[in-house]
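Student: I would like to go through the labels used for this structure and ask what each one rests on. Please set the values against the cut-offs.

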Amino acid sequence: MVELLHARLAIVDFTEHAHQPLWHEERQVAVVFNGEVYNHGAARASLARFDFKTESDTEVILATYLIEGLAGLGRLRGMFTAAICDVAEQRVHLLRDAVGKKPLFLARWGGQVLFGSSLLPLVAAAGERPVIDDAAAAYFWQREFPAPDAAVVRAHDRCRQAP
């Protein structure tokens, strides 16, 4: 089972038609997105055969995936994190901008795989008091970014990072 939760800050399209998760009902594909696709206008123009229902950059992500697949998403420029849930394929694709301006956090807690662009909701979803890994925190404070192979926050002391 997949649940997509989203709190939207509307900047590009203020209408309710652009609320997220944004669904393409016919293909059973949904997108949740945080950030901005800077080249959404040019990308939209190149996807003219898609029947857009909104002016949102979120729908540009959806249209790109439906027409060009995952490979097409690489041409989107901006600062973003997104999840594409393809019900027909039974897959969830997680993506972020190439530079990583918007973070993508992953957690395996309580038999669940959680993801998001903000750490606090993931910690809250764990349902237990989190523990900060001192070595991972020290790495972060020295380099100003987390180690790619370390978990800074654990659900509790009994949790271990998966190999």
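Student: Why is Ser46 called partly exposed?
Tutor: Ser46 has a relative accessible area of 45%. Buried means under 20%, exposed over 50%, and partly exposed in between, with a 1.4 Å probe and protein chains only. The value for Ser46 falls in the middle class, so Ser46 is partly exposed.

Student: What should I know about the model before going on?
Tutor: This is a predicted model, in which local features need pLDDT of at least 70 and side-chain atom pairs count only at pLDDT 80 or more, while totals for chains, interfaces and linings use all residues. Residues are numbered from 1 along each chain as its sequence is written, and side-chain values use heavy atoms, with hydrogens and water left out.

Student: Where is Ser46 found, and what lies 2.8 Å from a polar atom of its side chain?
Tutor: Ser46 is in helix H1, residues 40-46. Helices (H or I, at least four residues) and strands (E, at least two) are DSSP runs, numbered from the N terminus. The atom 2.8 Å from the Ser46 side chain is the backbone oxygen of Ala43. A polar contact is a pair of N or O atoms within 3.5 Å; within protein, one must be able to donate a hydrogen and the other to accept it, and residues adjacent in sequence count only if both atoms are side-chain atoms. Ser46 and Thr64 are 18 residues apart in sequence, and their C-alpha atoms are 9.4 Å apart in space.

Student: What makes Asp133 a cap of helix H4?
Tutor: A side-chain oxygen of Asp133 lies 3.1 Å from the backbone nitrogen of Ala135, at the N-terminal end of H4 (residues 134-143). After H4 comes Glu144, in the loop between H4 and strand S8 (153-154). Glu144 has a positive phi of about 70° although it is not a glycine.

Student: How do you know that Glu144 counts as exposed?
Tutor: Its relative accessibility is 70%, so Glu144 passes the cut-off for exposed. Gln90, at 73%, counts as exposed as well. Gln90 also has a positive phi, about 55°, without being a glycine, and lies in the loop between strand S3 (78-86) and strand S4 (91-96).

Student: What makes Arg75 and Glu68 a salt bridge?
Tutor: The term needs a side-chain nitrogen of Lys or Arg within 4 Å of a carboxyl oxygen of Asp or Glu. For Arg75 and Glu68 the closest N and O atoms are 3.0 Å apart, so the pair qualifies. Arg75 has a relative accessible area of 28% and is partly exposed; Glu68, with 32%, is partly exposed too. The structure holds two salt bridges. In the Asp51 and Lys53 bridge the closest N and O atoms are 2.5 Å apart, and both residues are exposed.

Student: Why is the pair of Phe50 and Phe52 called edge-to-face?
Tutor: Rings of Phe, Tyr and Trp (its six-membered ring) pair if their centres lie within 6.5 Å; planes under 30 degrees apart count as stacked, over 60 as edge-to-face and the rest as tilted. The centres of Phe50 and Phe52 are 4.9 Å apart and the planes stand at 70°, so the pair is edge-to-face. Both Phe50 and Phe52 are buried. For Phe140 and Trp141 the centres are 5.1 Å apart and the planes at 80°, so this pair is edge-to-face too. Phe140 is partly exposed at 29% relative accessibility, whereas Trp141 is exposed at 67%.

Student: How do you know that strands S5 and S6 pair?
Tutor: DSSP must find at least two bridges between two strands. Five bridges join S5 (residues 105-109) to S6 (residues 112-116), so the strands pair, and they run antiparallel. Leu106 stands opposite Phe115 in S6. The hairpin has two residues between the strands, and Gly110 there takes a positive phi near 60°.

Student: Which residues touch the most other members of the largest nonpolar core?
Tutor: They are Phe33, Ile61, Leu73, Leu76 and Ile84, in a core of 21 residues. A nonpolar core is a set of buried Ala, Val, Leu, Ile, Met, Phe, Trp, Tyr and Cys residues joined through side-chain atoms within 4.5 Å. Helix H2 gives the most to this core, with six residues.
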